[in-house]
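Student: I would like to learn how to read helix faces, helix packing and chain contacts in a model of this kind. Could we take the features in turn, with the general idea before the case?

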Amino acid sequence: MPDTIHPNGLEDQVDEFEIAVPSPPELMRRRAKSHRGFIIGGSVVLFFLAVAVFAPVLAPYGPYDQELTKRLIPPVWDAAKGTWDHPFGTDALGRDYLTRLMYGAQISLMIGFFAAAVSAIVGSTIGMIGGYFGGRVDNFIMYLINVKLALPGLLVALSLVSVFGGSILALILILSFLFWDRYAVVTRSVTQQIRVNDYITAAQALGTSRTRIIIGEVLPNVMNQIIVIASLEMAVAIIVEAALSFLGLGVQPPTPSWGLLLSEGRSYMFFMPYLINFPGLAIFFLVISINMMGDGIRDITAPEGRN
Amino acid sequence: MAKFLLHRLYIAILVAITVSVIAFSLLRLSGDLAAELAGEDASEEEIAQTAKQYGLDRPLYVQYFDWAGDALTGDLGRSLFTNEPVVEMIFERIGVTIKLALYAIFVSLIVAIPLGVLASVRPNTLIDRMALGIAVFGQAIPNFYFALLLILLFAVNLRWLPISGNDSFANFILPAFTLGLGAMPQFMRLTRSGMLDVLDSDFIRTARAKGLNPRRVLFKHALRNAILPIVSLMAVVLGFLLGGTVIIESIFALNGVGFLAFESIMRQDFPVVQSIVFILSLSYIVLTLLSDLINAQLDPRIRLG
């Protein structure tokens with residue numbers, strides 16, 4: 001017995017022939033569920049995020065607790081000297097290595113995320129303005145992008161850190177300066193393509209302000225690309241932060257940045273290779289999983305853009 | 001062609017001038033360079049004297065035009081620490097960096113092109129997945145960590161290669177391999193996607209239908225067309241590598257421009273830093289200009305469009 005009875009009594013037939021078309025969000029959800037790279041990458045990123053957030057609760061010691069009598073204890077699987085008190089061993093100052101690695105995840109994720117986010121905001125704004133207005137404005141923006149591309153990024157970043165210091169805020173802003181150009185290039189060309197669409201013309205005819213058109217009509221159309229670039233740039237930002245800290249011109253000791261752990265462990269790496277392997281592998285796994293997640297987001301939001 | 005050339009040249013010059021201003025201001029952003037050079041417990045008098053000695057008491061624009069004017073005549077000033085002319089310091093070391101960058105590109109191309117071709121011929125097979133896996137690995141491993149691993153394996157455990165120095169070819173193998181692995185994924189992906197596009201086109205189908213040797217079709221017809229974007233990417237990567245060798249040069253103690261830049265940044269030797277940043281930017285501008293011109297020459301659609 002149907003719940004409602006239609007006057008023509010054809011309801012059952014109509015239902016039978018109706019083809020359920022899944023909505024775009026539903027399609028994306030389905031693609032996400034069957035995308036192995038996205039699921040694996042996303043899970044590992046979530047794992048690192050959980051470690052970072054709950055480090056104060058999970059870590060067995062404080063990140064700066066030193067015990068000079070317990071210097072350079074090897075990890076627990078070293079049969080002779082390993083101990084469960086320090087599962088990943090200790091560093092040259094007797095600090096628990098597992099604890100320092102867990103707090104290091106905070107630094108990497110925080111700097112990576114905010115550098116990607118700030119550069120996304122700056123870069124896409126620049127790109128959308130250039131793409132939407134065209135003409136002289138666009139020429140000026142192309143010129144800005146060319147200047148950015150010509151500068152040796154790492155050297156400029158090193159110089160800026162040497163001037164402004166290695167605070168986390170300074171690093172986020174300096175790294176954002178390194179990464180805004182790709183957002184600008186991509187959003188600019190996408191904006192150029194959608195600028196000619198009827199719904200933009202309609203909005204213009206209605207007298208909508210340019211700012212509102214860019215935010216309300218253009219931005220939603222470039223959002224997917226921005227998210228994809230952001231995830232990939234976040235991975236690069238994490239590597240560059242580690243590189244700067246490795247060179248001694250990034251996060252300053254004793255803050256436990258993975259790059260700093262690597263450079264501190266370098267003097268002992270011949271006898272205690274775990275001191276470079278733990279932070280090195282931590283960076284590697286975080287970066288590779290963010291990349292897998294980013295590639296996944298691209299496939300899920302725009303499956304035609306593969307290869 | 002002349003119009004295209006002039007327009008490109010005009011933009012290149014404009015960018016070069018801007019870059020020179022940025023390079024000039026980089027270390028001056030600290031505000032008081034003289035105070036930093038004079039040392040932490042210098043008196044006001046000493047700071048004023050330092051400022052006068054290096055001409056830092058003059059207005060910034062005067063200092064800039066002074067430097068830029070000298071730079072046009074090939075004089076980039078002297079290092080604050082060794083008092084050597086900066087031009088000489090850079091030219092002594094740029095050979096090492098160029099060699100390293102070229103070796104690195106060579107390493108990445110001999111891996112990337114065959115892998116990319118193989119992956120494109122058999123898309124979505126085991127070979128394709130392996131190629132992609134190598135690319136993903138190359139993209140994710142931090143090169144300073146990879147460099148340390150190579151040192152542990154080849155220099156310490158196996159004792160095949162030296163740890164540091166820049167006297168012989170052997171010194172360049174590990175650093176070139178490290179940098180090459182980082183540049184490889186972009187080349188691999190570009191070869192693969194370029195080859196996939198070309199292999200799908202009509203003239204390849206025709207060539208195959210004519211019964212030409214498949215290997216000949218692949219390498220002579222297809223790869224030739226797919227290689228174009230790789231040439232332009234090479235210019236970009238070369239420009240990037242010239243400025244991106246800082247870390248690798250300092251790990252392997254290669255005495256190149258990257259290492260010089262790093263040392264100079266650490267000791268606020270601003271004449272050296274601004275000159276290196278400027279010269280590297282300039283070489284990038286020239287390289288991309290050249291690759292644009294080569295592409296325009298090869299593809300009329302670019303220069304006429």
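Tutor: Let us begin with one helix: in H3(A), Phe38(A), Gly41(A) and Val45(A) are buried, where buried means that 20 or more other C-beta atoms lie within 10 Å of the residue's own, exposed means 12 or fewer, partly exposed lies in between, and C-beta atoms are placed from the backbone. Helices (H or I, at least four residues) and strands (E, at least two) are DSSP runs, numbered from the N terminus. This is a predicted model, in which local features need pLDDT of at least 70 and side-chain atom pairs count only at pLDDT 80 or more, while totals for chains, interfaces and linings use all residues. Residues are numbered from 1 along each chain as its sequence is written, and chains are lettered from A and ligands numbered from 1 in the order in which they are written.

Student: Why do the buried residues of H3(A) line one face of the helix?

Tutor: An α-helix has 3.6 residues a turn, so residues three or four places apart point the same way. Seen down the axis of H3(A), the buried residues fall within an arc of 80 degrees, and so they line one face; the arc is that of the directions from the helix axis to the C-beta atoms. On the other side of H3(A), Arg36(A), Ser43(A), Leu46(A) and Ala50(A) are exposed, whereas the cover over its buried residues includes helix H2 (24–34) and H12 of chain A.

Student: How should I read the packing of H5(A) and H12(A)?

Tutor: Two packed helices are described by the angle between their axes and the distance between the axes. The axes of helix H5 (residues 97–133) of chain A and H12(A) come within 11 Å and cross at roughly 35 degrees, where axes are lines fitted to C-alpha atoms, for helices over the stretch in contact, and angles run from 0 to 180 degrees between N-to-C directions. The crossing of H5(A) and H12(A) is right-handed, a crossing being right-handed if the near helix is turned clockwise from the far one by less than a right angle, and left-handed if anticlockwise. Tyr97(A), Leu101(A), Gly104(A) and Ser108(A) of H5(A) meet Phe278(A), Pro279(A), Ala282(A) and Leu286(A) of H12(A), with contact meaning that the C-beta atoms of two residues, placed from the backbone, lie within 7 Å.

Student: Which helices supply residues to the side of chain A that touches chain B?

Tutor: The contact takes 31 residues from chain A and 37 residues from chain B. Helix H6 (135–150), helix H7 (153–164), helix H10 (210–246), helix H11 (258–266) and helix H12 (274–301) of chain A each supply at least two residues of that side of chain A.

Student: Is H11(A) enclosed or exposed, and what packs against its buried residues?

Tutor: Eight of the nine residues of H11(A) are buried, so this helix is largely enclosed by the rest of the structure. Its buried residues, among them Trp258(A) and Glu264(A), pack against H5, H10 and H12 of chain A together with helix H7 (143–157) of chain B.

Student: What does chain B contain?

Tutor: Chain B has 15 helices and zero strands, and buried residues make up 38% of its 305 residues. Ser201(B) lies in the loop between helix H8 (170–199) and helix H9 (202–209) of chain B, and is exposed because 12 other C-beta atoms lie within 10 Å.
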